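Please open the model in a viewer, with the chains coloured separately.

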Amino acid sequence: MTESHEAALETPLGVTEGRQITVKHGAFRTTGSGDTSGFGGLVTPVILPGATSRPFGSWFDAAADKLEKALRARSVTVKKAIEYYTVDRGEFTIVVRREHLLDVAQILRDDADLRFEVCTSVSGVHWPTDEGRELHADIELLSMTHNRRLRVEVAVPDSDPHMPSLTSVWPATDWHERETYDFFGIIFDGHPALTRIQMPDDWPGHPQRKDYPLGGIPVEYKGATVPAPSERRSY
Amino acid sequence: MSTDAYAGSYETTEGRIHTVVGGGDWDSVHGGTEGQQEHVVVNMGPQHPSTHGVLRMILELDGETVVEARSAIGYLHTGIEKNLEYRSWTQGVTFVTRMDYLSPFFNETAYCLAVEKLLGVTDQIPERATVIRVMLMELNRISSHLVCLATGGMELGALTAMIIGLREREIVLELYELITGLRMNHAFIRPGGLAQDLPEGAELKIREALAKLKHNFKDTSNLLVDNSVWKARTEGVGYLDLTGCVALGITGPVLRSTGMPWDLRKSQPYCGYETYEFNVATQTTCDAYGRFLIRLQEMEESLKIVEQCLDRLRPGAVMIEDKKIAWPAQLAVGSDGQGNSLGHIKEIMGESMESLIHHFKLVTEGFEVPAGQVYQAVESPRGELGVHMVSDGGTRPYRVHYRDPSFNNLQAMPAMSEGGQVADLIAVVASIDPVMGGVDR
């Protein structure tokens with residue numbers, strides 16, 4: 001545990017491409033109000049950090065090499081398993097295709113040089129405009145052996161929201177996957193009991209999706225009505 | 001045989017199983033089963049004084065022995081993560097502080113560290129703000145462990161432990177009230193620094209409280225450490241070894257009770273923890289008693305850290321200098337209560353139109369955070385508290401996920417309790433110390 005967990009990015013870094021995921025229009029959520037301020041015409045592309053080219057810096061290159069080598073040893077084509085790598089804000093993300101998620105997970109856990117023995121968290125993110133990969137699952141891994149952290153990201157389409165469950169590799173993901181299913185509707189194939197965990201069993205819909213309204217009760221005050229937070233104007 | 005829809009029974013290879021989840025008439029259930037091997041499924045909670053909050057457990061019992069145990073959660077789900085997506089980055093603190101309500105300062109700090117990491121301003125946080133954050137977190141670790149001791153003791157029938165634990169916690173809560181104005185739900189730590197500086201005379205008050213706490217800790221230790229009843233209830237109970245902990249992602253005192261010195265303050269330091277002197281408490285017993293000893297020791301270590309914080313407090317700013325992020329208003333106590341300082345009101349209302357616009361924009365709209373995602377973890381009293389935060393470049397979080405240690409650690413309850421007695425189950429849950437506000441969020 002001598003190595004710093006924060007990436008000491010001394011070596012020259014590769015270039016990270018931006019990945020445009022959506023475009024935001026206007027401001028204040030008003031349309032057709034005769035607004036002459038010009039804010040209604042704002043066009044803001046949302047660009048997330050995308051693929052990073054090598055070298056990544058820190059321990060990332062060696063880990064990626066090791067992973068690719070182990071994938072080839074399992075006769076898996078690297079390009080079919082790994083979409084791209086991202087290095088951003090000192091954190092290393094491997095974007096993995098769901099078909100080979102279990103291969104990647106098994107290697108990340110078992111390889112002595114990688115040894116990510118703990119899966120701390122599974123979290124979902126819904127990007128309705130990211131066509132064909134609307135639902136993202138972010139799997140946070142921790143290596144106590146090497147004192148490192150790594151994120152594995154899997155994107156699945158809303159029309160076919162299936163990905164393999166990681167419970168066979170990290171039993172800890174049991175409840176995390178149930179929560180991600182509950183909130184986002186991602187179906188983890190092979191999970192021992194994929195049921196809702198936070199919401200009641202008979203709850204309709206998946207509340208953390210972006211198209212699911214926040215709801216709430218409109219507050220009436222002296223004849224005026226204050227709408228639910230998701231209906232209010234926003235910046 | 002009973003035909004009660006809520007208390008049915010069915011045959012299995014191990015014998016007949018009676019389900020009394022949801023209640024039922026015990027006589028009619030029990031009547032026809034004399035002389036047979038029987039398993040009973042019992043519902044425990046969510047409203048039960050010994051389940052550490054609104055935790056519901058479904059137990060399959062063979063007499064007094066727990067054959068299978070499962071927990072059901074979600075009774076305190078409040079949708080905080082969803083709510084955050086409709087508030088500005090600064091307003092988010094007000095929500096997250098309510099998640100794990102026994103460790104509010106950890107929730108706030110983890111959130112703010114994540115926002116600051118996304119902004120790329122981690123290095124610009126003033127020294128004084130960071131020292132006060134550390135001090136509040138360590139005071140919080142003490143108050144949280146005291147509640148664990150108090151409620152855990154109460155659940156095992158040690159009511160004196162409860163009285164002592166809550167009495168000591170009161171000393172810490174008074175400090176919170178002095179510093180933040182509130183006993184819980186503080187929203188005191190903000191992206192960029194703190195809501196305001198320490199009030200006058202706070203340092204002296206904290207030192208007095210430390211002395212009192214240090215003295216009183218002896219009471220607690222004397223009461224329980226060598227207490228034969230306490231030991232009988234906790235020694236060898238809730239066994240989970242290192243392999244089990246790693247497989248189930250368990251962190252915090254439960255992991256450290258296996259002898260693994262894993263503490264994020266040491267292994268992946270944040271807020272300058274690498275510059276403080278303290279020890280990581282470990283035990284090798286893997287049981288509830290070991291976890292109890294670890295919590296006692298951690299409180300002592302936290303006292304040491306708070307003292308070091310007081311020693312290195314230097315006058316200075318408590319909010320980041322960057323005026324595009326820093327909250328514009330300076331809070332002060334006026335004749336009509338706490339609010340914006342008179343000097344600030346004079347400036348925005350009477351002197352500078354630009355200041356007024358700036359104040360208005362930051363307070364209503366907030367600041368923008370560059371698009372991307374981060375994961376930030378801190379060592380809360382219960383283990384690794386992680387925040388996965390995604391920004392789409394806007395003035396509100398796109399997605400915030402809290403990896404609450406209670407949520408993850410509660411998964412270990414069946415592994416620790418199956419095969420033991422029902423009474424041990426209570427000790428198991430108490431030794432995990434889940435806080436349902438954090439589990440359900």
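Begin with the boundary between the two chains: select the residues of chain B in contact with chain A, where contact means heavy atoms within 4.5 Å. This selection holds 53 residues of chain B, which meet 57 residues of chain A. The model is a predicted one, in which local features need pLDDT of at least 70 and side-chain atom pairs count only at pLDDT 80 or more, while totals for chains, interfaces and linings use all residues. Residues are numbered from 1 along each chain as its sequence is written, chains are lettered from A and ligands numbered from 1 in the order in which they are written, and side-chain values use heavy atoms, with hydrogens and water left out.

Display the surface of both chains next. Chain B and chain A bury about 4700 Å² between them, and 54% of this lies on carbon and sulfur atoms. Buried area here is the accessible area (1.4 Å probe) that two parts lose on being put together, summed over both.

Now select A:Lys24 and B:Asp392. They form a salt bridge whose closest N and O atoms are 3.4 Å apart; the term requires a side-chain nitrogen of Lys or Arg within 4 Å of a carboxyl oxygen of Asp or Glu. Five salt bridges are found across the interface of chain B and chain A. The side of chain B that touches chain A receives its greatest contribution from strand β10 (residues 372-380) of chain B, with five residues. Strands (E, at least two residues) and helices (H or I, at least four) are DSSP runs, numbered from the N terminus.

Which ring lies under the charged end of A:Lys210? Select B:Tyr398: the charged end of A:Lys210 sits over the ring of B:Tyr398, 3.9 Å from its centre. The criterion is NZ of Lys or CZ of Arg within 6 Å of the ring centre and within 35 degrees of the ring normal. Within chain B, the charged end of B:Arg312 sits over the ring of B:Tyr276, 3.9 Å from the ring centre.

Move to chain A, which has four helices and 11 strands.

Select the aromatic cluster formed by A:Phe56, A:Trp59, A:Phe60, A:Tyr85, A:Phe92 and A:Phe116. Rings of Phe, Tyr and Trp (its six-membered ring) pair if their centres lie within 6.5 Å; planes under 30 degrees apart count as stacked, over 60 as edge-to-face and the rest as tilted. Over all chains, the count is 15 aromatic pairs. The ring centres of A:Trp59 and A:Phe92 are 6.1 Å apart and the planes stand at 90°, so this pair is edge-to-face. A:Trp59 belongs to the loop between β2 (43-52) and α1 (60-73) of chain A, and A:Phe92, 33 residues away, to strand β4 (residues 91-96). Both A:Trp59 and A:Phe92 are buried.

Next, centre on A:Arg196, in the loop between β9 (187-189) and β10 (219-221) of chain A. A:Arg196 is buried, at a relative accessible area of 10%. Polar atoms of its side chain lie 2.9 Å from the backbone oxygen of A:Trp203 and 2.7 Å from that of A:Gly205.

Finish at B:Asp263, in the loop between α10 (253-256) and α11 (264-267) of chain B. B:Asp263 is buried, with 0% relative accessibility. Apart from neighbours within four places in sequence, B:Asp263 is in contact with B:Arg256, B:Val280 and B:Glu379.

Key
Buried < 20%, exposed > 50% of the residue type's maximum accessible area, 1.4 Å probe, protein only. Polar contact = N/O pair within 3.5 Å; in protein donor to acceptor, adjacent residues only side chain to side chain.
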